[in-house]
Amino acid sequence: MSMLDPIIPHMKSLHVAMLLIWCAGLFALPLMLARHDPAIGQADYARIRRATHYAYAFFITPAAVIAIASGTGLIFLRGVFVTWLFAKLVFVAALVGFHVWIGYVLVDVAEREGIHKAPRPFLPLLVLLLPVTCILILVLAKPDLGQIPLPGWLQQPLGNQLPFDVPKR
Ligand code: HEM
């Protein structure tokens, strides 16, 4: 047992709390963006625009950063250098991509000149469901996926020199 083991439950609670905010936010934002319609009137438009902007900048993005940081900490605390974890990270990368795309749409719809309409939310939400479901299945079932197949030369030291000079202090 390591000295840091008592931290694990706290780190895991932090991880789960933050990823709940992150994922809930990723589902909510496309719906909020779809309401960015000038037809709802100036006051309501300003309200939804401010709510979306603040939610993205002050809640959902920080929650994503903390979820990823605490998850990274958990890798080392739990010593899970296993295939399901790496498979999970591929889907987490998809979530990060979705997050960035929403940020792009947000700026486009609310801050760039010209007429920009937010996409209809149905398809983005359907797409988002895929990585979230896969992540939850992987992390909760922890399936034994075996080894990641790698070519032999990547799995053993070959004793070669680097093709360039390494700066020395
Ligand atoms: C870079 C991002 C992430 C990293 C590095 C990461 C890593 C980890 C690690 C190492 C654990 C502990 C597993 C164990 O104790 O065996 C964990 C737990 C968990 N993660 Fe993540 N995670 C990340 C993002 C996410 C996301 C986006 C979700 C959900 C959509 C998620 C859902 C969970 C859940 C539900 C648990 C608790 C499962 C359990 O221990 O039984 N994680 N994560």
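Buried residues are those with under 20% relative accessible area, exposed ones have over 50%, and partly exposed ones lie in between (1.4 Å probe, protein chains only). The views below show a predicted model, in which local features need pLDDT of at least 70 and side-chain atom pairs count only at pLDDT 80 or more, while totals for chains, interfaces and linings use all residues. Residues are numbered from 1 along each chain as its sequence is written, and side-chain values use heavy atoms, with hydrogens and water left out.

View A. His15 belongs to helix 1 (residues 8-34) and Lys88 to helix 3 (residues 83-111), so the pair ties together parts that are 73 residues apart in sequence. Helices are DSSP runs (H or I, at least four residues), numbered from the N terminus.

**View B. The largest pocket.** The space in this pocket amounts to about 750 Å³. Among its 28 lining residues, His15, Leu19, Lys88, Ile135 and Val139 are the closest to the centre. Helix 1 provides the largest share of the lining, eight residues. On a 1 Å grid over the protein atoms alone, a pocket is an open set of points with protein on both sides within 12 Å along at least five of seven lines, a cavity is a set where a 1.4 Å probe fits but cannot get out, and lining residues have an atom within 4 Å of a point. Grid points are joined across faces, edges and corners, and a volume is the space filled by probe spheres set on the points.

**View C. The largest nonpolar core around Trp22.** Such a core is a set of buried Ala, Val, Leu, Ile, Met, Phe, Trp, Tyr and Cys residues joined through side-chain atoms within 4.5 Å. Of its 24 residues, those touching the most other members are Trp22, Leu26, Leu33, Leu95, Ile102 and Leu128. Helix 1, helix 2 (42-78), helix 3 and helix 4 (122-141) each contribute at least two residues to this core. Residues up to four places away in sequence aside, Trp22 touches Ile60, Ala63, Ala64 and His99, among others, where contact means heavy atoms within 4.5 Å. His99, in helix 3, counts as buried because its relative accessibility is 8%.

**View D. The largest cavity.** The structure holds one cavity of 30 Å³ or more, and the space in the largest is about 60 Å³. Its lining includes Pro30, Leu33, Trp101, Ile102 and Pro124. Helix 3 gives the most to this lining, with three residues.

**View E. The backbone at Lys142.** Lys142 lies in the loop between helix 4 and helix 5 (152-155). The phi of Lys142 is near 40°, a positive value in a residue other than glycine. Lys142 counts as partly exposed because its relative accessibility is 38%.
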